[in-house]
Amino acid sequence: MTIYTGTGDRGKTSLFSGQRVSKANARIEALGNLDELNSTIGGLIAALSPKCPDLINEMLEIQSDLFSISALMATTPDSPSMDTIESITQVQIETLENAIDRMENELPELKCFVLPGGHITAAWSHLARTVCRRSERQLVRFLDTLFSEQVSERYQKALIYINRLSDYLFVVARYCNRILGVPEQYWKC
Amino acid sequence: MNTRAGIYSTTLLHRRRLSKRAIEIKLEKPRSFKFESGQRICLVHKAVERDYSIVSVSEDPDICLCIRLVRGGALSSELNTAPIGSRFSFTGPSGYFTFKPSLRPAVFVATGTGVAPFCSMLRSGATGITLLHGTKSPSELYYKSIFQSAAILYVPCLSEPGPSSEAYFQGRVTGYLQTHLAAGLYDFYLCGRREMIRDVTLLVDEKFSGSYIYSEIFY
């Protein structure tokens with residue numbers, strides 16, 4: 001079955017919760033950024049050697065988590081569809097934090113700014129980090145448009161997750177350079 | 001909602017002809033299989049997979065499916081000819097096309113076998129429903145008696161002229177919506193041909209802006 005429906009040909013699209021909105025809507029912009037982030041992580045996974053199965057599995061979980069956050073963003077707070085959305089939990093946030101701690105234990109302490117790049121996997125990870133930061137900025141901009149009572153714990157957890165994911169991707173970049181033997185380059189150090 | 005797909009083995013229990021272009025089949029329901037009205041299963045047979053919305057409700061003893069017969073279609077042909085007692089596999093349930101009660105009136109719009117999930121939703125208690133069913137001829141108005149008794153308004157929309165003895169709208173579902181449904185806010189549930197879903201969606205944007213749309217493309 002073909003994927004095109006033609007329902008978006010006039011600049012509108014459907015949310016998961018049923019509303020029709022402009023494709024220029026802040027919610028759709030946030031979804032686009034999350035999609036780009038997920039695809040960039042896909043690029044990183046593709047560049048990683050199959051010899052790093054743990055890292056790959058970790059990132060596949062992250063891609064799945066990003067789909068959950070996207071589903072949340074595609075659903076209006078007071079709609080019945082919200083009941084079907086899986087929220088990001090504290091466990092998922094702690095999984096990222098534990099991964100960061102685990103990799104940092106193997107890395108030298110950072111004393112100055114690191115130039116983004118090095119091994120291709122590190123370059124992908126830095127790119128994913130920057131898209132993640134943009135996703136976070138857009139998510140905050142979107143949440144600023146909601147009434148405070150609409151900003152439920154679901155959104156707050158998603159925001160924490162995205163913030164932590166940026167840190168994770170930064171550490172992954174350094175970790176990839178480390179395990180693949182590419183020296184880090186520093187700025188004016 | 002139960003969306004965690006399991007893999008099940010089942011038996012073909014019953015088959016009946018609905019029209020020249022559709023059959024209804026009943027499959028044995030595995031004891032552990034649970035679903036919500038509007039969800040679908042994916043039938044698997046000899047590496048061919050096809051999604052079908054469930055006609056029955058969760059409490060029914062079997063799984064009922066309404067199958068559109070596709071010329072040369074690998075699975076629909078098999079289901080149309082397989083001996084009763086044949087074994088099949090399926091995965092599911094899947095999908096989020098379930099009834100979500102709200103303060104807005106709900107309008108169900110189907111073409112052909114796209115009425116399958118609506119049959120399940122109405123039988124499981126969805127109320128206050130207007131249902132439009134677009135088909136070529138009256139012989140394809142599947143589950144008519146259920147809809148006549150459970151919907152507050154049931155409108156067969158026939159693209160070919162029907163018998164004068166029956167009440168129906170002559171034309172497509174979009175024609176009915178354009179000329180008969182008062183402007184306002186509704187929850188539209190669309191199931192069936194992609195062209196219908198596209199046309200109704202664009203019409204909703206124009207005439208019923210602000211309404212909600214839930215859709216399930218069948219074919």
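Into which domains is chain B divided? In this predicted model, chain B comprises domain 1 (6–94) and domain 2 (106–217), the bounds being taken from an automatic or database domain assignment. Local features need pLDDT of at least 70 and side-chain atom pairs count only at pLDDT 80 or more, whereas totals for chains, interfaces and linings use all residues of the predicted model. Residues are numbered from 1 along each chain as its sequence is written, and chains are lettered from A and ligands numbered from 1 in the order in which they are written.

The C-alpha centres of domain 1 and domain 2 of chain B are 24 Å apart. Contact between them involves 13 residues of domain 1 of chain B and 13 residues of domain 2 of chain B, a contact requiring C-beta atoms, placed from the backbone, to lie within 7 Å. On the domain 1 side, strand 1 (6–19) and strand 5 (62–68) of chain B each supply at least two residues. Helices (H or I, at least four residues) and strands (E, at least two) are DSSP runs, numbered from the N terminus.

Within chain B, strand 3 (residues 40–45) and strand 4 (residues 48–53) run antiparallel and are joined by 6 bridges; pairing requires that DSSP finds at least two bridges between two strands. B:Ile41 is placed opposite B:Tyr52 of strand 4 of chain B. The two strands form a hairpin with 2 residues between them, and B:Lys46 in the turn has a positive phi of about 50 degrees.

An open sheet of 6 strands in chain B has the order 10-9-8-7-11-12, with parallel pairing. Its edge strands, strand 10 (169–170) and strand 12 (212–217) of chain B, each pair on one side only. Strand 11 (residues 187–192) of chain B is joined to strand 12 of chain B by 6 bridges, and B:Asp187 stands opposite B:Tyr212 in strand 12 of chain B. Helix 5 (residues 194–207) of chain B lies across strands 7 (106–111), 8 (129–135), 11 and 12 of chain B, at about 160 degrees to strand 11 of chain B. Axes are lines fitted to C-alpha atoms, for helices over the stretch in contact, and angles run from 0 to 180 degrees between N-to-C directions.

In chain A, helix 1 (residues 26–47) and helix 2 (residues 53–73) pack at an angle of about 170 degrees, with axes 10 Å apart. Helix 1 and helix 2 of chain A are therefore roughly antiparallel (angles over 145 degrees count as such). Contributors to the contact include A:Leu34 and A:Ile41 of helix 1 of chain A and A:Ile62 and A:Leu66 of helix 2 of chain A.

Conventions: Parallel < 35°, antiparallel > 145°, perpendicular 65-115°, else oblique. Contact = placed C-beta atoms within 7 Å.
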